[in-house]
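Welcome! Please take a look at the sequence and the model below, and then read on for a short tour.

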Amino acid sequence: MGWQKVKELFSWQGGGIRRRLLFIGLLFLALALLATTLAGSLYTRRQIKEAAARLQAEIASRVAHEIETFIERKVERLLDLSTSLGIYELGSERQKLISLLLLKNDAAFSEIRVLNREGMEVLKVSERRVYLPTDLSDQSESEKFRKVISGNTDISPVYTSDKAEPYVTLGVPIKVGPKQIIGVVYAELNLKFLWQI
């Protein structure tokens, strides 16, 4: 079969009505297949994106619940500490010992600070460093201090350390009676457990 015959076979002008209808039918079939494939691809892609978004939202919700539960447990632990600290004089060796015991028994806590009613730090202990009396500072102008001394619990936004570990600071009042607040206790809480989640 020569080149002329092949050209004639696929030519639009040559041949009868059957050939023209066949070409038109094949053209419509190709267009229909292309449209179906394109629509199916777009639909599948949208379904995959929606499923991925639902999965991510579910994971985020679960992680948020775990973080919330973790923080609530640590706030309860800090409230227990504040109750124990309220028994002794602010800044005393007994308060220091109780604070160090919490740091030793709960690795999530890395630092504890006790402030008196005026906002002066009277005790500061840490597992990572030693604090001298000159390291104690005045926090009376701090918005967080005013919030906690009025009887509320404070949870700071997440921040990172120099080792890129996430932390939050929790603050609760030290009470000696239902309405008598004598100070504030802050604890730095390590959130590196988030890496495991």
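## A walk through the charges

Asp 80 is exposed, with a relative accessible area of 52%; exposed means over 50%, buried under 20% and partly exposed in between, using a 1.4 Å probe and protein chains only. Asp 80 sits in helix H2, residues 17-85. Helices (H or I, at least four residues) and strands (E, at least two) are DSSP runs, numbered from the N terminus. Together with Glu 68, Glu 72 and Glu 76, Asp 80 forms a negative surface patch. Residues in a patch have over 30% relative accessible area and no salt bridge, and like charges are joined within 9 Å. Asp and Glu count as negative, and the place of a charge is CG of Asp or CD of Glu.

A word on the background: this is a predicted model, where local features need pLDDT of at least 70 and side-chain atom pairs count only at pLDDT 80 or more, while totals for chains, interfaces and linings use all residues. Residues are numbered from 1 along each chain as its sequence is written, and side-chain values use heavy atoms, leaving out hydrogens and water.

Now for the salt bridges, in which a side-chain nitrogen of Lys or Arg lies within 4 Å of a carboxyl oxygen of Asp or Glu. The whole structure has eight of them, including these:

| Pair | N to O distance |
|---|---|
| Lys 74 and Asp 106 | 2.7 Å |
| Arg 77 and Asp 106 | 2.9 Å |
| Lys 147 and Asp 154 | 3.5 Å |

What is the burial of Asp 106? Asp 106 is buried, with a relative accessible area of 6%. Lys 74 is buried too, whereas Arg 77 is partly exposed at 34%.

Finally, the overall picture. The protein chain has five helices and six strands, following the pattern α-α-α-β-β-α-β-β-β-β-α along the sequence. Its radius of gyration is 35 Å, well over the 16 Å that the globule rule gives for 197 residues, so the chain is more spread out than a compact globule. That radius is taken over C-alpha atoms, and the globule rule is 2.2 Å times the number of residues to the power 0.38. Along the principal axes, the C-alpha atoms fill a box of roughly 110 × 35 × 30 Å. Of the 197 residues, 31% count as buried.

Key: Patches are made of residues with over 30% relative accessible area and no salt bridge: like charges are joined within 9 Å, nonpolar side chains (Val, Leu, Ile, Met, Phe, Trp, Tyr) within 5 Å. Accessible areas come from the Shrake-Rupley method with a 1.4 Å probe; for residues, only the protein chains shown count as cover.
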